[in-house]
2 protein chains.
Amino acid sequence: MAERHKRVRPSTPSAARRSTQPESEVTTGARTVTSYDVARLAGVSQSAVSRCFNPGSSVSRKMRERVMKAAEALRYQPNAIARGLITRRSNLVAVIISNLTNLYYPEVLSQLSQQLSERGIRLLLFTLERESGIDQMLEQIWQYRVDGAIVAARLSADQIASFRERNVPLVLYNRSYEDQPVSSVCCDQGEAARGLVNRLHAAGHARFGIVAGPPDSVVGEQRTAAALQRLRDLSHDEVHVVPGNYDYDSGVAAMQALVTHFGTAPDAVICANDVMALGCMDSARHAFGLDVPRDVSIAGFDGVGPSGWSSYRLATVRQPVRRMAEAAVSMLVEHIDDAQLPPEKRVFSGILIEGASARLSPAAS
Amino acid sequence: MAERHKRVRPSTPSAARRSTQPESEVTTGARTVTSYDVARLAGVSQSAVSRCFNPGSSVSRKMRERVMKAAEALRYQPNAIARGLITRRSNLVAVIISNLTNLYYPEVLSQLSQQLSERGIRLLLFTLERESGIDQMLEQIWQYRVDGAIVAARLSADQIASFRERNVPLVLYNRSYEDQPVSSVCCDQGEAARGLVNRLHAAGHARFGIVAGPPDSVVGEQRTAAALQRLRDLSHDEVHVVPGNYDYDSGVAAMQALVTHFGTAPDAVICANDVMALGCMDSARHAFGLDVPRDVSIAGFDGVGPSGWSSYRLATVRQPVRRMAEAAVSMLVEHIDDAQLPPEKRVFSGILIEGASARLSPAAS
DNA sequence: CAAGTTTTTGCATTCGAATGCAATCTGCCC
DNA sequence: GGGCAGATTGCATTCGAATGCAAAAACTTG
């Protein structure tokens, strides 16, 4: 009766092979070592091996030593795939990032990677060239049964809903949908933009240029909208918005467009990100011979590396990337550990870096 | 007799639960849908479902339609974990990158990600802050039974050997060990460096500064060594090497050190990467009031984005990142498909971007 | 040292999909 | 309609580790 399942491992083909081959333990080119192999060598059961590799299981010190010795001899590493199947925990987290050429995202990714790794979680990376590929990407994500996801890309309401339906914890990075019950970590773009405008206003700028981000960038939209609104509230009417797509060249082009529009240099240019601001600056200086910030003040957002270089010293609003990444990861982990937790939105304030590319205070005179 | 294994799915707890609950197919908060669920709904066997999701299996059109309809109704996605267990193919490739703050690596990563994704392979990302963590990282890699790995970080001979022992195909990116039988994709650093030196030499520079990369960077070492050797071959004796660590500030410091050493500006500075070159340039201009390239020629390596910005227009050797990534991925895939293939090293030439930061041709007069 | 605890250990089963083999079905030809 | 080849389907088993349960071993205690 108890014989019913006695088809166990010892009769496995590989086991057979192994036993015919005279004791060549570090077998060359053979299939991988399993917990059964370790168990056999240590003369214990497979469950014992499993327990030795799982903290919190009760194992005597003698047992642990024997098993560990055998495991080392065989160079055994537990198979995370098999483990994931039975525990229903893959220990994988998907990270979706819209585009890595953005100069800002590599830093985010780097922080996320560190934070996840410290918690023993693996990172499955998805990058997005065209926004179109998201649905396919999501299918992959479902297939890998990731424990959660951190997304720094635009998701539709349906897409967000699909995470909920499938019980995959989700944390949005730098995008938030007020009407959606979804966790997110953001930097308050509106606050930052308004603060910047206030300073520029107080310093006496009149003609404002705004360089927008690409139309599908939520963050960019928030930045320009807030700046625009604040300018309006301050009764500025000389404001011109030009499009941009976050890259250097679009910043260069934007400066060109602004000069054309105003017939002269604008007093201040607010760019939806740093890289465009740097493009503006270079264009102002080299194409138009303007002095920054005497002739024109230029400001950006993000606080990426080059904005601090001495050629630029850009006025910008730095995002506390490290803390944001930390928050994203710890929120995600909490939601993985307790699926019942309600969504949570965390908002950080940006840090204004004054730099030297904008007049931010009223002239001394 | 054939009853022996009749413990099949229908008696599973979840199945029981499901059948007691009146037909609420899109069950809320339930466990995930499996191929058995689809099979039951479609009134076919689990194997049939499996075959429908595996190209190349023989399935009648009627069957496929029924199954697909059921699968869609249940929002079924095959479990890649379970599939990986039985097929011994995880469809995962590990990518190890030393540090993402380097400005060059994000581009590499982005390309790798795209290339892998096009081939339906998932990317497990490992980033490295300290070089020390590699062994731990490797353990994780073994555990996840990745199908292969692409590594842009320094590996010891032992570490490389461990890939071979475990039959995990490996492709090194931009590092190669001549004495090791390991696949790699590189950009010929020596050739590039020598070419650069030749041009600078021909243009009549005498006092040379070389800014080295961090001691553990193979690429940096190759660049500086080749440049140095070539200068020696050309009988230059006014050559000074200063240390650097690839970041902007170290470039700034290097310029300072060179000026101190020569008592005046060097004629030409060759930096082991672009970012340091940009630091040098800014330092030369802003700290020493030098004109680049009239007073000093500056050159770098990599061809990262900012090197092309109009403030810099750096003379640099661009690596064909896209093609290199493509090569790395296709080599890896070949080795995954045929484990017997011998290692292969592919070397690309860099492309000299003349820019405007160095005098690369003899003066016209 | 017996009886009662507590810890260790092993057994059998499970996770979800893939696959060799055998059974069944189809279509075709005579 | 019979017979046969080829296509389709289902059955049973497998991948490798985790775990509830019961048996065994190791301690306590009186």
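Guide: What follows looks at the contact between chain A and chain B. This is a predicted model, in which local features need pLDDT of at least 70 and side-chain atom pairs count only at pLDDT 80 or more, while totals for chains, interfaces and linings use all residues. Residues are numbered from 1 along each chain as its sequence is written, and chains are lettered from A and ligands numbered from 1 in the order in which they are written.

Chain A brings 41 residues to the contact, and chain B brings 41 residues; two residues are in contact if their C-beta atoms, placed from the backbone, lie within 7 Å. On the chain A side, the elements that give two or more residues are α5 (80-87), α6 (105-118), β2 (122-127), α7 (134-143) and α12 (274-287). Helices (H or I, at least four residues) and strands (E, at least two) are DSSP runs, numbered from the N terminus. The most comes from α6(A), which gives six residues. By type, the side of chain A that touches chain B holds 17 nonpolar, 17 polar and seven charged residues. Here Ala, Val, Leu, Ile, Met, Phe, Trp, Tyr, Cys and Pro count as nonpolar, Asp, Glu, Lys and Arg as charged, and the others, Gly among them, as polar.

Strands pair if DSSP finds at least two bridges between them. Within this pairing, A:L124 has B:L124 in β2(B) as its bridge partner.
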